[in-house]
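Please keep the structure in view while reading the points below.

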Amino acid sequence: MSVVLSLFAIAVLVILPLIGTGLLQLEYLFGVIIPYAAIILFLVGMIYRILKWANVPVPFRIPTSCGQQQSLSWIKQNELDNPSTFWGTVKRMALEVLFFRSLFRNTKVELREGPRISYTSDKWLWLGALAFHWSFLIIFVRHFKFFAEPVPIWVDTLQLLDGFFQIGLPIIYVTDAVILAALTYLFLRRIFNPLVRYISLINDYFPLLLLMGIAATGILLRYFLKTDIVAIKELGMGLISLHPVVPDNIGALFYIHLFLVSVLFAYFPFSKLMHMPGVFLSPTRNMANNSRMRRHINPWNYPVKTHTYEEYEDEFRDLMRAAGLPLEKDK
Amino acid sequence: MQDKSKIVIGLLIFLVIITFPIWYNLAGGKATYRPDLKYVTDAKECVAPTDYMTSNHMDLLNEWRDEVVRDKDRVYMSFNGNKYDKSLTNTCLDCHSNKADFCDKCHDYMSVDPYCWDCHIIPEEVH
C-alpha cells in the first residue's frame, strides 16, 4: 500500500510540471517561483530543526563503544573505536560520515536447521548505501557547472574522472550508472526482504522513488532526450544571481527534473533525510570517552540539599559525647 | 553541558558551503555573461534545423564518424533533400570556420571538452 501511494505521489509530481509547462505555459512558476520557495523552505527548515536539536542538553558521555577504552598504560587502547581525545573523536566521526563504519558492522540473523540461530555479516546494505551517497554527492557537485561562470577547474576534473571510461557520447558518467543501480537495489531490498518490508513506511519508499525519478530524468536529459543546456545554464545563472530569467527553448522534461529536485529540497527538513545533519550528532559516535578523566555535570541537576556526617556531628556533638558515642572530631 | 556552540559552528560551515555558488558568482562578476555565437557564413541553412543542431549536434557528428570510418559512407542526405559530405573539417568548419567564436563559446560556458580536436585540425589555425 505504501509503495502504491508513493508511486502515485511520484506520478502526480511528474504530471504537474508536464501539464504546467507543456500546456499552461507556467514556466515562470516551475522555473523560478517553485525552486526559490523550495530552497527557502530547505534552508529555514534545516536551520530551525538543527537549532532545536542544539538546545538539547548533553548531560553525560555515552561510552557505548566497540573497543578497549583508554586504561592503564600496558593495555592497548582502541583509539578509533573508543577515542578519549578530541582528534580521536574527529577520526571516528570522519569514518562514520564518509564511510558509514557503523553500517559496515551490519549483521543479519538467520534461523538455520537445528534450530540454530546464526549471525552473519551483511555488507550489501553498506555497499548500496555507500554507492548511492557518494554518487549523489559527486552528481550534486558536478551540477555546480550550471551555477558558476567561469566553471571552476575542479568541476572539470571531477567530470573528467567521472567519465573516465569514455564510453558513449556524451560520455557516460560512472556515477549515473552507479546511482541508478544503488537506488534500485535499496528499493528492491525494501520490497523483497520480508523483514525490511514489514518496517517500511511511505516515508521510506517516497524519498527512494523521488531520487530514482530525479536520476532517471537527469539521465534522460543528458543521454536520450537532449535539450538546449546553454538555455538551462542561463536559467541556473539567473536563479543564483537573483535576477531570474526564463529562456523559452527549454523542454518540459527539464521542468520535470527541476520540479522533482525542488520537491526533494522542500521535503528534506520534514523527513528522515535530516539524517544528513543528524549523523554529525550521533551521541555514541561524537563524544570522547573521557568520563574517567573529566567530570561531566548534568545541567539540569536539582540543587540537592545535603547534610553530611561532618555537619551532623557538629550539630549533635555535645549530645553524642554525653551519650558516650564515638566521635570523629572530639574537641 | 550543551554542545550548542559547536552545533552552531557546524551549521554556519554548512551554510557557507551550500551558498557557495552565490559568493562565487558575486566575486567572479560574470553571472550575466551569455555565450554570443558569431556566424561568419552567407549560407542560409545548416545540415539540420537549428533546434536539433543546438541540442543534438554531437549525435550527428558521432553518427557521421561511425558511418564514414566503418562503412565509407560519406554522403549525408539532409532533412530538406540536400546532399552534404560527412566531414567535420570540410562541411561543418567550412561555414563555422571560427571555432573560437562558435564551438568554444558554448563548450567553455558549459565546461564541455569534446575530443573532436584530438584528431581534427582547425583549418584557420593551420594556415
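In this predicted model, the rule finds two salt bridges across the interface of chain A and chain B.

**Polar pairing across the interface**
- One salt bridge joins the side chains of Lys226(A) and Asp59(B), with an N to O distance of 2.7 Å.
- Eight residue pairs are found in polar contact across the interface of chain A and chain B, with both residues at pLDDT 80 or more.

**The side of chain A that touches chain B**
- Helices H2 (27-54), H6 (153-162) and H10 (229-240) of chain A are the elements that each give two or more residues to this side, and H2(A) provides the largest share, seven residues.
- By residue class, this side of chain A divides into 31 nonpolar, eight charged and six polar residues.

**Extent of the contact**
- The contact draws 45 residues from chain A and 31 residues from chain B.
- Between them the two chains bury about 3,600 Å², of which 68% lies on carbon and sulfur atoms, and Glu149(A), Leu169(A) and Lys226(A) supply 19% of the area that chain A buries against chain B, more than any other three residues.

**Cysteines**
- Over all chains the structure holds zero disulfides; for Cys106(B), the closest cysteine sulfur, in Cys103(B), is 9.2 Å away and therefore too far for a bond.
- Cys106(B) is partly exposed at 21% relative accessible area.
- Cys119(B) is likewise in no disulfide, its nearest cysteine sulfur being that of Cys116(B) at 9.2 Å, and Cys119(B) counts as exposed, with 68% relative accessibility.

How values were computed
Residues are numbered from 1 along each chain as its sequence is written. Chains are lettered from A and ligands numbered from 1 in the order in which they are written. This is a predicted model: local features need pLDDT of at least 70, side-chain atom pairs count only at pLDDT 80 or more; totals for chains, interfaces and linings use all residues. Side-chain values use heavy atoms; hydrogens and water are left out. Contact means heavy atoms within 4.5 Å. Buried area is the accessible area (1.4 Å probe) that two parts lose on being put together, summed over both. A salt bridge is a side-chain nitrogen of Lys or Arg within 4 Å of a carboxyl oxygen of Asp or Glu. A polar contact is a pair of N or O atoms within 3.5 Å; within protein, one must be able to donate a hydrogen and the other to accept it, and residues adjacent in sequence count only if both atoms are side-chain atoms. Helices (H or I, at least four residues) and strands (E, at least two) are DSSP runs, numbered from the N terminus. Ala, Val, Leu, Ile, Met, Phe, Trp, Tyr, Cys and Pro count as nonpolar, Asp, Glu, Lys and Arg as charged, and the others, Gly among them, as polar. A disulfide is a pair of cysteine sulfur atoms within 2.5 Å. Buried means under 20% relative accessible area, exposed over 50%, partly exposed in between (1.4 Å probe, protein chains only).
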